[in-house]
2 protein chains.
Amino acid sequence: MPAARPYHHGNLKQALLEAAVELIAETGPRGLTLREAARRASVSHNAPYRHFRDRDDLLAAVATDGFDRLTRAMASGGRKASPLNRLRRSGLTYVQFALRWPQHFAVMFDMPWNQPDYPECAAAAERCFGTLLSLVRDCQAAKQMPPDDTERRAYHAWSLVHGIAKLANAGQFPWRSKAEVLRFCAFSMAGPGGPAQDWRSAPLPDSVSSI
Amino acid sequence: MPAARPYHHGNLKQALLEAAVELIAETGPRGLTLREAARRASVSHNAPYRHFRDRDDLLAAVATDGFDRLTRAMASGGRKASPLNRLRRSGLTYVQFALRWPQHFAVMFDMPWNQPDYPECAAAAERCFGTLLSLVRDCQAAKQMPPDDTERRAYHAWSLVHGIAKLANAGQFPWRSKAEVLRFCAFSMAGPGGPAQDWRSAPLPDSVSSI
DNA sequence: CGCCGAAGTTGCTGCTGTCAACATTATTGG
DNA sequence: CCAATAATGTTGACAGCAGCAACTTCGGCG
């Protein structure tokens with residue numbers, strides 16, 4: 001059994017990461033403080049430096065964690081649906097992720113986690129885009145999308161949902177509820193072939209509500 | 001003529017704003033410091049508090065300034081072109097603005113400048129969206145766009161270019177040059193009716209290079 | 001001419017990131 | 001089985017920052 005408080009924490013890196021995630025959810029990226037994270041892990045103010053180069057390194061770890069969560073969420077959408085529906089569903093999942101954890105999402109995309117300095121974060125982001133890419137590829141293989149320019153089509157889809165997510169989190173849209181934003185997103189992804197009217201009351205896929 | 005250094009600066013608010021804009025362009029939003037801005041305006045570290053409530057208030061002023069600049073840039077595109085071309089051009093202008101001043105752009109959109117606390121900033125953002133809205137309305141009046149749902153169409157266009165701008169600034173695209181990003185943007189805005197091939201070497205409208 | 005409020009200054013507190021030196025524990029080679 | 005050593009955590013220090021309080025200077029108004 002562990003004594004009152006052993007000198008060595010045992011799992012400090014993970015504890016700091018979790019504390020950082022909570023802190024950011026509560027007070028935003030600027031609210032993240034190495035000292036406060038250390039406090040929440042019941043450890044001295046300098047212990048974090050054994051596991052993270054500096055504050056930005058901890059932030060990058062939070063971003064990496066966010067990319068992994070987002071990848072899992074996007075990849076786990078209804079396997080029985082058609083490729084195109086799975087792609088659209090993943091777009092809704094993307095936006096819902098951003099709406100549910102706006103600060104975490106901001107950490108992921110509002111700082112330039114460049115390849116040389118933060119390779120793990122860049123790799124996680126790359127994996128995230130990879131799942132989008134394969135969703136697009138599936139659509140093309142199923143002839144639900146023109147077969148050319150896979151990358152460009154993926155970047156186009158990403159840009160649209162990312163813009164929606166960012167503008168919604170910035171408070172630039174007039175819609176109050178998250179459901180309304182998601183409906184707008186669903187309608188925007190449907191393209192010119194989608195239903196022209198009543199987009200504000202259209203239903204959403206069920207699984208989107210369960211992220 | 002002004003003597004060596006009078007006790008009163010005379011135009012400190014504007015000087016602080018300009019210093020803040022420069023500082024942010026150099027070192028990003030986190031690099032903005034009330035004390036450094038005061039230093040660049042050759043005043044004491046507490047003088048800024050006579051003109052700005054706190055650091056965030058100065059940041060909001062920078063954001064407001066950015067929205068005004070962006071509005072002017074978007075509204076000034078080639079009056080001889082057709083409404084649809086003017087709309088597309090303003091989209092390119094939007095992205096180019098973001099690429100040219102990424103940090104300023106980040107200040108505008110990465111913080112929630114909500115209506116009650118920062119009314120001037122919210123008003124400037126509203127004016128910015130207003131010019132986009134009237135561009136869309138012009139397209140509809142010229143029958144270059146379906147006449148329904150003006151707002152939704154404007155938000156859709158905004159989301160697309162905003163997503164492109166943000167992802168480009170986050171380094172998530174593989175394209176190295178700004179011109180390549182702009183070509184991708186032009187192609188994405190053209191929709192299914194646009195040229196299907198050779199999008200990477202397509203020319204851009206001239207005026208886009210002059211922002 | 002005197003007064004008052006606006007604009008600017010100095011000085012202070014508490015917080016932060018980060019460095020350096022030290023203490024304790026885990027691990028591993030002999 | 002134990003000592004050397006690396007890994008982990010601690011205490012203490014310094015400089016920079018935001019923001020508050022008290023003081024000073026200046027322009028304008030009676």
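Me: Axes are lines fitted to C-alpha atoms, for helices over the stretch in contact, and angles run from 0 to 180 degrees between N-to-C directions. With that in hand, are α4(A) and α6(A) roughly parallel or roughly antiparallel?

Reply: This is a predicted model, in which local features need pLDDT of at least 70 and side-chain atom pairs count only at pLDDT 80 or more, while totals for chains, interfaces and linings use all residues. Residues are numbered from 1 along each chain as its sequence is written, with chains lettered from A and ligands numbered from 1 in the order in which they are written. Helix α4 (residues 83-100) of chain A packs against helix α6 (residues 119-141) of chain A at about 150°, their axes being 8 Å apart. Since angles under 35 degrees count as roughly parallel, over 145 as roughly antiparallel, 65 to 115 as roughly perpendicular and the rest as oblique, the two helices are roughly antiparallel.

Me: How many residues of the contact of α4(A) with α6(A) are nonpolar?

Reply: Two residues are in contact if their C-beta atoms, placed from the backbone, lie within 7 Å, and here A:Pro83, A:Leu84, A:Arg86, A:Leu87 and A:Ser90 of α4(A) meet A:Leu132, A:Leu135, A:Val136, A:Asp138 and A:Cys139 of α6(A). Of these residues, two are charged and one is polar, while the nonpolar ones number seven.

Me: In chain B, is B:Leu135 buried or exposed?

Reply: B:Leu135 lies in helix α6 (residues 119-141) of chain B, and, not counting residues up to four places away in sequence, it touches B:Pro83, B:Arg86, B:Leu87 and B:Ser90. A residue is buried if 20 or more other C-beta atoms lie within 10 Å of its own, exposed if 12 or fewer, and partly exposed in between. B:Leu135 has 22 other C-beta atoms within 10 Å, and is therefore buried.

Me: Which C-alpha of chain A is nearest the axis that relates the two copies?

Reply: When copies are superposed by least squares on the C-alpha atoms of residues with pLDDT of at least 70 in both, a rotation of 180° with 0.0 Å of shift along its axis brings chain A onto chain B, with an RMSD of 0.1 Å. The copies are thus related as by a two-fold rotation axis. At 1.8 Å from this axis, the nearest C-alpha in chain A belongs to A:Gly163.

Me: Which element gives the most to the side of chain A that touches chain B?

Reply: Here 23 residues of chain A are in contact with 23 residues of chain B. Helices are DSSP runs (H or I, at least four residues), numbered from the N terminus, and those giving two or more residues to this side of chain A are α5 (102-109), α7 (150-169) and α8 (178-190). With 11 residues, the element that gives the most is α7(A).

Notes: Nonpolar A, V, L, I, M, F, W, Y, C, P; charged D, E, K, R; others polar.
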